Amino acid sequence: MKSIAAIDLLDGQVVRLVNGKLENKTVYDDNPLEVAKKWESEGVDMLHLVDLNAALNIGKNNSEIILKIIDSVDIPVQVAGGIRTINSINRLLDIKKPIKVVIGTFAFKQPEIIQKISKKRLNRIIISVDHNKENVMISGWKEFSGIKLFDAIRFYKELGVNEFLLTNIDKDGTLEGPDIETLIKINNTFKDIKIVSSGGVSNIIDILKLRNVNCYAVILGKALYDEKLKIEHVQELI
Ligand code: AMZ
């Protein structure tokens, strides 16, 4: 299993939200680049950069700092939030670094875009299935996409996508433990897909639980920022 540190960006700052709500915002740092370098130096496998301004469609986006982080670290980076044109997907994939692109809203509003991405590049596309009781949510988690979680995974898998970012919105930012039940159900339903689990992780037992359900990667957010988990200890287990 891979460890991934989340860096959620809002107005240029590193923040965490609870259940995706702006009113539940905690600012952790004013310098996202330093945070990225810190998680890299502590030994995390990957970074997960989320542009919350772009995802929620408020204020100025954070693309400048995202490009700076990509340029400054040596570990792979996945970029999420507000990537809603084929050009912006290709621009990110054109960068000569091991970048993955996470797509939510755009994929659910225009599923045909997946067929416009070259087959060679599809393994760098992650479909974000952010769900609320198995209803996939889009547009900053404010709108129901009209599709259920398992139908969404089945659909994009058939189009050749093999990696999914699974967020249970109810758990995100809560430290209540990951959504093991849904992961087991996914394991029993689909073969040969990679699941990146996001949300709820608070301690080392959660990491073991995720490893036991064959999770491909775990996103660490609040637990890292609140110093409930150390990357060093996670790396010993995964
Ligand atoms: O916190 C939120 N309200 C939120 C959030 N963290 N809304 C969207 N996102 C993240 C998703 C996904 O990684 O988890 O943004 C990405 C999807 O963005 P888009 O613009 O492609 O739907």
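Student: Which residues of helix 7 are buried?

Tutor: In this predicted model, Leu 149, Ala 152, Ile 153 and Tyr 156 are the buried ones in helix 7, which spans residues 149-158.

Student: What makes a residue count as buried?

Tutor: The test is a count of neighbours: 20 or more other C-beta atoms must lie within 10 Å of the residue's own. Leu 149 and Tyr 156 are called buried in helix 7, so each of them passes that count.

Student: Why do we say that the buried residues line one face of helix 7?

Tutor: Look down the axis of helix 7: its buried residues fall within an arc of 95°, so they line one face of the helix.

Student: Which exposed residues sit on the face of helix 7 turned away from its buried side?

Tutor: Asp 151 and Glu 158 are the exposed residues there.

Student: What covers the buried residues of helix 7?

Tutor: The cover includes helix 6 (113-116) and helix 8 (180-189), along with strands 7, 8, 9 and 10. After helix 7 comes Gly 160, with a positive phi near 105°.

Student: Which residues are buried in helix 8, and why do they line one face?

Tutor: Thr 182, Leu 183 and Ile 186 are buried in helix 8. Seen down the axis of helix 8, these buried residues stay within an arc of 100°, so they line one face of the helix. Glu 181 and Asn 188 are exposed on the other side of helix 8. As for packing, the buried residues of helix 8 lie against helix 7, strand 10 and strand 11 (194-198).

Student: What makes strand 4 mostly covered?

Tutor: Strand 4 covers residues 46-51, and six of its six residues are buried. Met 46, His 48 and Val 50 point one way, while Leu 47, Leu 49 and Asp 51 point the other way.

Student: How do you know that strand 4 pairs with strand 1?

Tutor: Pairing needs at least two bridges. Strand 1 (residues 2-10) and strand 4 have six bridges, in the parallel sense, so they count as paired. Within strand 4, Asp 51 is the bridge partner of Leu 9.

Student: How many bridges join strand 4 to strand 5?

Tutor: Four bridges join them, and the two strands run parallel. Strand 5 holds Val 79, which stands opposite Leu 49.

Student: How many helices and strands does the protein chain have, and why is it called as compact as a globular protein of that length?

Tutor: The chain comes to 11 helices and 12 strands. Its radius of gyration is 16 Å, close to the 18 Å that the globule rule gives for 238 residues, so the chain is as compact as a globular protein of that length. Its C-alpha atoms fill a box of roughly 40 × 35 × 35 Å along the principal axes. Buried residues make up 43% of the chain.

Student: Which residues come nearest to the ligand?

Tutor: Of the 23 residues around the ligand, Gly 20, Ala 55, Ala 80, Gly 104 and Thr 105 come nearest. Helix 2, strand 6, helix 5, strand 7 and strand 10 are the elements that give two or more residues to this shell. Helix 2 gives the most, with three residues.

Student: What classes of residue make up the shell around the ligand?

Tutor: The shell has 13 nonpolar, eight polar and two charged residues. Gly 20 and Gly 104 are among the nearest residues, and Gly counts as polar.

Conventions
Residues are numbered from 1 along each chain as its sequence is written. This is a predicted model: local features need pLDDT of at least 70, side-chain atom pairs count only at pLDDT 80 or more; totals for chains, interfaces and linings use all residues. A residue is buried if 20 or more other C-beta atoms lie within 10 Å of its own, exposed if 12 or fewer, and partly exposed in between; C-beta atoms are placed from the backbone. The radius of gyration is taken over C-alpha atoms; the globule rule is 2.2 Å times the number of residues to the power 0.38. The arc is that of the directions from the helix axis to the C-beta atoms. Two residues are in contact if their C-beta atoms, placed from the backbone, lie within 7 Å. A residue is near a molecule or strand if its C-beta atom, placed from the backbone, lies within 6 Å of it.
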